[in-house]
Amino acid sequence: MPPVLDCEGVSAAYDSTLVLRDVDLTVEDGEIVGVMGKNGAGKSTLMKTIIGLLEPASGVVRYEGTDLAGTTADERANAGIGYIPQGRDVFPDLTVEENLLVGEGVNRDRERDLYDAVYDYFPILDERRTQKAGTMSGGQQQMLAIGRALVGNPDLLLLDEHSEGVQPSIVEEISENLRELNAELGTTVLFVEQNLGAIQDMADRCYAMERGRIVDEVGPEELQDEDAIASYLAV
Amino acid sequence: MNALNLLFQFADNFAFVVLAAVGLAVIFGMMGVINLGHGEFIMIGAYGTTLSANAGAPLPVAMAIGVLVTAVMGLILERTIIHRLYDRLFDSMVATWALGLILTQGMRILFGNSIPQVSTPLGNIAYGEFSYSTYRVLLLPVALLVLGGLYVLFTRTEFGIRARATIQDPDTARALGVDTDRMYTATFVIGSALAGLTGALYAPTLTVVPGMGSSFLVEAFVAVVVGGPSVLLGTTLSGGLLGTIDAVFTNLFGTFYGQIAMLLTAIVVIRVLSDGLTGLVETVRNRVEGE
């Protein structure tokens, strides 16, 4: 079976400034893989390139063995990739329910919707179904953004810094939920993060990114050694 | 001045403002494109209706044909021209203005300066010394029905929810599997069909000529500007405000002063409320909820 996600020599640029340089990265089925790096290391750009909001300047992105070149972001979402943008980016004037409905565009070939699971993991969304998303707290919006990417039962979840602007106890709760749903539903997760705790709580293994390059790969034991990975993160 | 007379005048104006503006408002509010050819889209709807009726179609069928012709034209123009102009406000204004000129002159070349007109159906309601066209009175419920239909479409259907998600954040909507290009095409076609409907509805009451689009343009643009960013609420509120002002001034001083009063209202609203009437409603609502 091919890996769920495979990036080979991927470079990407805004205008003419290279932000990603020759990135190689693989995510196997059922894994939770992290990419750690400081602000400006190119983490969000990597996520945007994988989902297709940004065209790579060179290199290949493969999803379940298929080259994604020439496909648009909506086609990639339809094929089963659930994307959670940085800064949450819920639709502020839509209600919780309406936000989730937009997420039904993810993974068109699914056998069933995961509304029950989403409301189970994030009961606050159930309570706030008819509330406008823009009026909720940062943590609640983050849960909504995750739930929205999840209702379509994606095969691969792309998570862009879920800790940003969310209080630590909520970040922990969200990380725990993601581990649980990975175990129960088998959803593969690729996340980028600069929060040490979130990385240690979630990742099976982790890539380190500096100035747009992958500079190291860190296994499960090494991940628990704070000193070993702290140098890759903002101090 | 007579209260009942004023009421009829208001109903007539409200329906006219709402129907003139609604297609323009949907396209502007949802896509940020200012369609300066809007009046000519209405004219195409009117021509489609009148020509079909002249060819022997019953009026309701002729109207449906008028709407369909305008919608198909909107689809073709969006796919060939308009879709290149998103996020290019001024370019899109010049291009749609040019489209309007081409449509006007094109109709003149094809059908001449005038075509046989369709007469207004349904007779008159008379009371005392006044008499009103039943058909024009019925345009008020039709306008309300159009507003209600759009409200349901944009708030209660999956299409509407995806369309609103697309306006609020196109990139995120696309990354969640929404084909945003198709959303824009569909929205432009809906806006065109609404313009066509306006043309179809007014075809039996106005003189259908190639230049008739301009008679809708003032009301349409003033209504959209006065209404502000929220499409449906804005169109309804400006229909109410402008309809009232026009009715009062037309009754007191005549049609000419009614138009002047509407334009003055637009200037005052733009000066005082930069976000139009819906901006004012938002501010008040936030203040009330804040307490």
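The radius of gyration is taken over C-alpha atoms, and the globule rule used with it is 2.2 Å times the number of residues to the power 0.38. This is a predicted model, where local features need pLDDT of at least 70, side-chain atom pairs count only at pLDDT 80 or more, and totals for chains, interfaces and linings use all residues. Residues are numbered from 1 along each chain as its sequence is written, while chains are lettered from A and ligands numbered from 1 in the order in which they are written.

**View 1. Chain B as a whole.** For 291 residues the rule gives a compact globule a radius of gyration near 19 Å, and chain B agrees because its own value is 19 Å. Its C-alpha trace spans about 60 × 55 × 35 Å along the principal axes. Chain B has 12 helices and two strands; here helices (H or I, at least four residues) and strands (E, at least two) are DSSP runs, numbered from the N terminus. Of the 291 residues in chain B, 49% are buried. A residue is called buried if 20 or more other C-beta atoms lie within 10 Å of its own, exposed if 12 or fewer, and partly exposed in between, with C-beta atoms placed from the backbone. Two residues are in contact if their C-beta atoms, again placed from the backbone, lie within 7 Å. Among contacts in chain B between residues at least 6 apart in sequence, 75% join residues at least 24 apart.

View 2. Helix 10 covers residues 231-253 of chain B, 23 residues in total. From first C-alpha to last it reaches 31 Å, close to the 33 Å expected at 1.5 Å a residue; the expected span is 1.5 Å times one less than the number of residues. Look just past the end of helix 10 of chain B for Gly254(B), which takes a positive phi of about 105°.

**View 3. The six-stranded sheet of chain A.** In chain A, six strands make an open sheet with mixed pairing, in the order 6-7-8-3-9-10. Two strands pair if DSSP finds at least two bridges between them. Strand 6 (81-84) and strand 10 (213-218) of chain A are at the edges with a single partner strand each, so one side of each has no neighbour in the sheet. From one strand to the next, the twist averages 20°. At one end of the order, strand 9 (residues 205-210) and strand 10 of chain A run antiparallel and are joined by five bridges. Glu210(A) has Arg213(A) in strand 10 of chain A as its bridge partner. Helix 1 (residues 43-51) of chain A packs on this sheet, touching strand 3 (32-36), strand 6, strand 7 (156-160), strand 8 (188-193) and strand 9 of chain A. The direction of helix 1 makes about 150° with that of strand 7 of chain A; axes are lines fitted to C-alpha atoms, for helices over the stretch in contact, and angles run from 0 to 180 degrees between N-to-C directions.

**View 4. Strand 7 of chain A and its partners.** Five of the five residues of strand 7 of chain A are buried, so this strand is largely enclosed by the rest of the structure. Leu156(A), Leu158(A) and Asp160(A) point one way from the strand, and Leu157(A) and Leu159(A) point the other way. Strand 7 of chain A pairs in the parallel sense with strand 6 of chain A over four bridges, and also in the parallel sense with strand 8 of chain A over five bridges.

**View 5. The four-stranded sheet of chain A.** Four strands of chain A form an open, antiparallel sheet in the order 2-1-4-5. Strand 2 (17-27) and strand 5 (66-67) of chain A are at its edges, each with a single partner strand, so one side of each is left without a neighbour in the sheet. Strand 1 (residues 5-14) of chain A is joined to strand 2 of chain A by seven bridges, and Val10(A) stands opposite Val23(A) in strand 2. These two strands of chain A form a hairpin with two residues between them, and Asp15(A) in the turn has a positive phi of about 50°.
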